[in-house]
Amino acid sequence: MEKYKILFVCLGNICRSPAAQAVMERIIAERGISGRVEVDSAGISGYHKGDLPDKRMRVHAARRGLRLTHLSRPVSHSDFECFDLIIGMDDANVDDLRDMAYTLDEERKIVRISRFFRAFRGQDCIPDPYYGGAEGFENVLDLLDDACNAIADLIVAGTLETEVFNS
Ligand code: 4NP
């Protein structure tokens with residue numbers, strides 16, 4: 001069976017989306033579904049291309065046992081063909097991704113991560129932690145944990161596609 005492919009996208013691909021990738025990878029490994037799902041991340045901007053995640057993000061993630069090793073890369077149009085689901089961290093990411101899509105089918109793959117929040121239902125994004133303090137990085141990890149567990153539940157239930165494309 002083809003793997004279901006999920007791409008997490010933020011602005012720089014050095015804070016939120018590489019953390020999302022690591023959180024999601026850990027959750028799918030814990031649930032024994034790594035063979036069914038592939039996860040990657042990318043940035044709207046190529047400014048940090050080739051860089052490891054921001055040191056602060058790596059330190060906060062490491063405290064939760066997550067090692068962030070992804071190297072930043074910009075989103076490319078081929079991602080719209082390659083991935084089944086493209087998840088933006090905030091409205092700006094989603095708007096920029098929509099601008100990049102060529103077709104309605106490609107546009108339908110783009111969702112904002114907040115639609116998967118459960119404990120944090122009502123919040124509308126994962127705020128950019130880059131110019132803030134430590135609490136911003138902790139907040140990123142808390143929100144990601146919530147959303148990624150919900151995504152994994154939908155994959156296990158076999159309802160992720162229905163949830164995303166029929167609502
Ligand atoms: P990210 O955070 O989008 O979560 O990776 C940022 C990283 C870098 C910049 C902004 C946000 N920057 O302006 O360089």
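Guide: The radius of gyration is taken over C-alpha atoms, and the globule rule is 2.2 Å times the number of residues to the power 0.38. With 167 residues, a compact globule would have a radius near 15 Å; the protein chain has 15 Å, which agrees. Its C-alpha trace spans about 40 × 35 × 30 Å along the principal axes. This is a predicted model, in which local features need pLDDT of at least 70 and side-chain atom pairs count only at pLDDT 80 or more, while totals for chains, interfaces and linings use all residues. Residues are numbered from 1 along each chain as its sequence is written, and side-chain values use heavy atoms, with hydrogens and water left out.

Visitor: Which residues surround the ligand?

Guide: A residue counts as near if one of its heavy atoms lies within 4 Å of the molecule. Here the shell comprises Cys10, Leu11, Gly12, Asn13, Ile14, Cys15, Arg16, His48, Asp128, Tyr130 and Tyr131.

Visitor: Which polar atoms lie at what distance from an oxygen atom of the ligand?

Guide: A polar contact is a pair of N or O atoms within 3.5 Å. A polar backbone atom of Gly12 is 2.9 Å from a ligand oxygen, and a backbone N or O atom of Ile14 lies 3.0 Å from a ligand oxygen. From Asp128, a polar side-chain atom lies 3.4 Å from an oxygen atom of the ligand. By the Shrake-Rupley method with a 1.4 Å probe, the ligand taken alone exposes 360 Å², of which the protein buries 91%.

Key:
Polar contact = N/O pair within 3.5 Å; in protein donor to acceptor, adjacent residues only side chain to side chain.
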